[in-house]
Amino acid sequence: MHLIHVWWDGAGDGPTNMAADELLAAESLRLDALLVRIYGWEPTTISLGAFQKLDDATAVAEIRGVPLVRRPSGGGAIVHGSDLTYAAAVPKTHPWGASPQVLYDALHAAMAEALREQGIQAVLWRPPGSPAPAAASTAGDDSFFCFDRRASGDLVVHEQAAAAGGRGHKIMGSAQRRLEGAVLQHGSLLVRRNGTLAGRACHPGVSDLCASRPTADLEPQPLLERWLQLVAQTLEADVLSQPGEFRGLHSRNLDDHAARFRDAGWIGRR
Amino acid sequence: MAAEMRFAKSHEWVRPEPSGLATVGVSAYAVEALTDLVFMQLPAVGRRVKAGESFGEIESVKAVSDLYSPVSGEIVEVNAALPNALETLGKDPYNAGWIIRIRPDDPKELDTLLDQSAYDALLKSQPH
């Protein structure tokens with residue numbers, strides 16, 4: 001029987017969160033299990049993908065002045081503050097560790113099911129003409145924001161789909177860093193529009209897109225708990241919710257690791 | 001594939017050349033697992049690396065992966081055309097898709113890596 005260790009962390013700043021997630025990947029090797037850390041952001045922060053150009057961020061007027069952090073994982077930029085963020089880590093020897101798509105699809109399919117139970121018809125996006133996930137060629141693009149991109153396995157809803165060019169609105173995306181022995185996956189479920197930003201930086205969330213539904217006002221904690229139950233069912237695992245915060249457990253190492261993510265060389269690496 | 005090619009468990013291959021250099025790339029399995037590649041960062045020529053140390057990074061639509069040097073030595077050449085032609089890694093990973101050339105500190109270090117049959121066995125043991 002597999003175990004899924006879960007930590008419920010409060011809000012933290014970008015560098016501290018990224019450092020905690022790298023430590024989570026190392027911890028997954030020690031525990032030889034799937035680990036999940038759920039956390040928030042304070043203040044509102046833009047996280048850039050590992051190789052996004054800093055110049056592309058500074059060119060977006062709507063996010064000027066918002067703190068930036070660069071993730072170790074790939075993908076596009078995310079505005080954190082009105083989303084639910086998770087980090088998941090597994091050893092590469094784990095059944096979900098060998099292939100990027102397997103972990104991606106497993107966590108997203110469970111969230112799709114959890115949302116459907118609340119009457120929200122979320123589906124995994126597939127490139128047109130690619131019925132088999134393993135063979136799907138992705139239709140990723142280089143849009144600056146994650147929620148403007150589409151890749152196989154992204155979670156979309158088709159409410160008000162015409163406004164999204166028929167591709168559906170992306171509500172959840174994830175990206176990975178494949179380390180030497182472990183995989184770190186970052187993911188974000190967009191709950192609602194971020195009220196502090198406008199224009200390109202403001203994407204509709206589940207609650208905005210499904211506002212006419214009685215269940216549209218998402219309660220994050222029950223949704224996430226159900227998501228984890230469904231993940232555990234798929235993996236035939238037990239969920240082990242940890243009593244304290246992951247950041248608290250690793251506070252001695254956290255500042256040293258966070259320094260790398262505060263460093264101008266890392267933020268401006270590209 | 002040349003019989004003398006060796007593999008790291010992290011899926012890089014290394015091939016000794018008659019010149020004494022060692023050519024390094026990533027296996028077809030690794031390229032296929034990463035799916036659509038979008039960016040690659042190569043190391044600087046002249047950099048020294050240790051076996052198992054990251055020498056570069058490669059990004060696919062969903063994942064960023066480190067590239068690990070199978071042997072210790074000095075990087076003497078990089079395939080500078082590759083970042084602008086990442087499809088080459090999928091089409092010809094063992095020849096045109098080479099990534100770096102290293103002057104190994106100790107050529108015998110290659111003997112500690114997996115041969116073709118051992119690497120094939122590793123792939124069979126991977127979770128699917």
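**Exercise 1. In this predicted model, find which residue of β7(B) is the bridge partner of A:Arg177.**

Step 1. Look along β7(B): the partner of A:Arg177 there is B:Val64.

**Exercise 2. Work out which elements of chain B supply the side that touches chain A.**

Step 1. Begin with the residue counts: 24 residues of chain A are in contact with 19 residues of chain B.

Step 2. Next, sort the chain B side by element. At least two residues each come from α1 (28–34), β4 (37–41), β6 (54–60) and β7 (63–68) of chain B.

Step 3. Pick out the top contributor: β7(B) gives the most, with five residues.

Step 4. Finish with the classes. This side of chain B has nine nonpolar, six polar and four charged residues.

**Exercise 3. Decide how α3(A) and α5(A) are oriented to each other.**

Step 1. Locate the helices in chain A: α3 spans residues 100–116 and α5 spans residues 220–235.

Step 2. Read off the geometry. Their axes are 8 Å apart, and the helices pack at an angle of about 125 degrees.

Step 3. Angles of 65 to 115 degrees count as roughly perpendicular and those over 145 as roughly antiparallel, so α3(A) and α5(A) are oblique to each other. Their crossing is right-handed.

Step 4. Find the residues that make the contact, among them A:Leu107 and A:Met111 of α3(A) and A:Trp227 and A:Leu230 of α5(A). By class, this contact has nine nonpolar, one polar and two charged residues.

Notes:
Residues are numbered from 1 along each chain as its sequence is written. Chains are lettered from A and ligands numbered from 1 in the order in which they are written. This is a predicted model: local features need pLDDT of at least 70, side-chain atom pairs count only at pLDDT 80 or more; totals for chains, interfaces and linings use all residues. Two residues are in contact if their C-beta atoms, placed from the backbone, lie within 7 Å. Helices (H or I, at least four residues) and strands (E, at least two) are DSSP runs, numbered from the N terminus. Ala, Val, Leu, Ile, Met, Phe, Trp, Tyr, Cys and Pro count as nonpolar, Asp, Glu, Lys and Arg as charged, and the others, Gly among them, as polar. Two strands pair if DSSP finds at least two bridges between them. Axes are lines fitted to C-alpha atoms, for helices over the stretch in contact, and angles run from 0 to 180 degrees between N-to-C directions. Angles under 35 degrees count as roughly parallel, over 145 as roughly antiparallel, 65 to 115 as roughly perpendicular and the rest as oblique. A crossing is left-handed if the near helix is turned anticlockwise from the far one by less than a right angle, and right-handed if clockwise.
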